[in-house]
Amino acid sequence: MCIVLALLIALQGPAAVSNVKAAEAAEVEVNTLENAGIETYEKEIVKITKTGFVADSYNGVDAVYRKGGSDGCNMTYSCAAYVKKYYSAVHKVTVNNLNRGCTPKSSTGKFKVVKTPKEGDVVYCPTSSGSTHWAIVKHVDTEEKEVVLIEQNYKWQQGGQTVCAVNRSISWSDGKFFRLSR
């Protein structure tokens, strides 16, 4: 570490030391939070290596991916498939009507539009290409008015590889939120 600091000072001047110390402090803070069992929800780009690749999990429900382009309406890998799987596993209900601009429907209870999201809510977020995308709210930041998503089929090609984003966040204004009431 001393050699690295000396090189940084030689190359970048004394300000480099404070940058290194700030980075170390941030790393210690993240490690401390993670060791305490507190999720930090940092966005991460993950390489999808095979069919059935588990990129993320929430409440015991895995978000699975496969290499290649969009999985559209696929019963296993689509964004809607994750919402259905999540609500089946966690809430013991069947969800359908996950179409553009629609309110989801449930076999038990009813989904209602809500302005203030909560963890576990369904979110509809149109994409820049105009397609429909569904996800589950994994974490809510009330100060920043953002949510962290757990999702499937949010992937793209980068450097010749299929990748996805884990812990992607969106502004509350970029989504429409639905809560199941029974």
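Me: Which residues do ring pairs link into a cluster?

Reply: Rings of Phe, Tyr and Trp (its six-membered ring) pair if their centres lie within 6.5 Å; planes under 30 degrees apart are stacked, over 60 edge-to-face, the rest tilted. Here, ring pairs join Tyr 58, Tyr 82, Tyr 86, Tyr 87 and Phe 111 into a cluster. The model is a predicted one, in which local features need pLDDT of at least 70 and side-chain atom pairs count only at pLDDT 80 or more, while totals for chains, interfaces and linings use all residues. Residues are numbered from 1 along each chain as its sequence is written, and side-chain values use heavy atoms, leaving out hydrogens and water.

Me: How many aromatic pairs does the structure hold, and why is the pair of Tyr 86 and Tyr 87 placed in its class?

Reply: There are 7 aromatic pairs in the structure. For Tyr 86 and Tyr 87, the ring centres are 5.6 Å apart and the planes stand at 65°, so this pair is edge-to-face. Tyr 86 and Tyr 87 are both buried (under 20% relative accessible area; exposed is over 50%, partly exposed in between, with a 1.4 Å probe and protein chains only).

Me: What class has the pair of Tyr 124 and Trp 134?

Reply: The ring centres of Tyr 124 and Trp 134 lie 5.1 Å apart with planes at 50°, so the pair is tilted. Tyr 124 belongs to strand 7 (residues 122-124) and Trp 134 to strand 8 (residues 134-141), so the pair ties together parts that are 10 residues apart in sequence. Helices (H or I, at least four residues) and strands (E, at least two) are DSSP runs, numbered from the N terminus. Both Tyr 124 and Trp 134 are buried.

Me: Where is Lys 92 found, and is Lys 92 buried or exposed?

Reply: Lys 92 sits in the loop between helix 3 and strand 4 (95-96). Its phi is near 60°, a positive value in a residue other than glycine. Lys 92 counts as exposed, at 66% relative accessibility.

Me: Is Asn 167 buried or exposed?

Reply: Asn 167 is buried, its relative accessible area being 8%. Asn 167 also has a positive phi, about 65°, although it is not a glycine. The loop that holds Asn 167 runs between strand 11 (161-166) and strand 12 (169-171).

Me: Which residues line the largest cavity?

Reply: On a 1 Å grid over the protein atoms alone, a cavity is a set of points where a 1.4 Å probe fits but cannot get out; a pocket is an open set with protein on both sides within 12 Å along at least five of seven lines; lining residues have an atom within 4 Å of a point. The largest cavity is lined by Asp 56, Tyr 65, Leu 149, Ile 150, Glu 151, Ala 165, Val 166 and Asn 167. Strand 9 (146-150) and strand 11 are the elements that give two or more residues to this lining. The largest cavity holds about 30 Å³ of space.

Me: What volume has the largest pocket, and which residues are the closest to its centre?

Reply: The volume of the largest pocket is about 610 Å³ (the space filled by probe spheres set on grid points, which are joined across faces, edges and corners). It has 31 lining residues, and the closest to its centre are Gly 72, Cys 79, Thr 132, His 133 and Asn 153. Helix 3 (residues 79-91) gives the most to the lining of the largest pocket, 4 residues.
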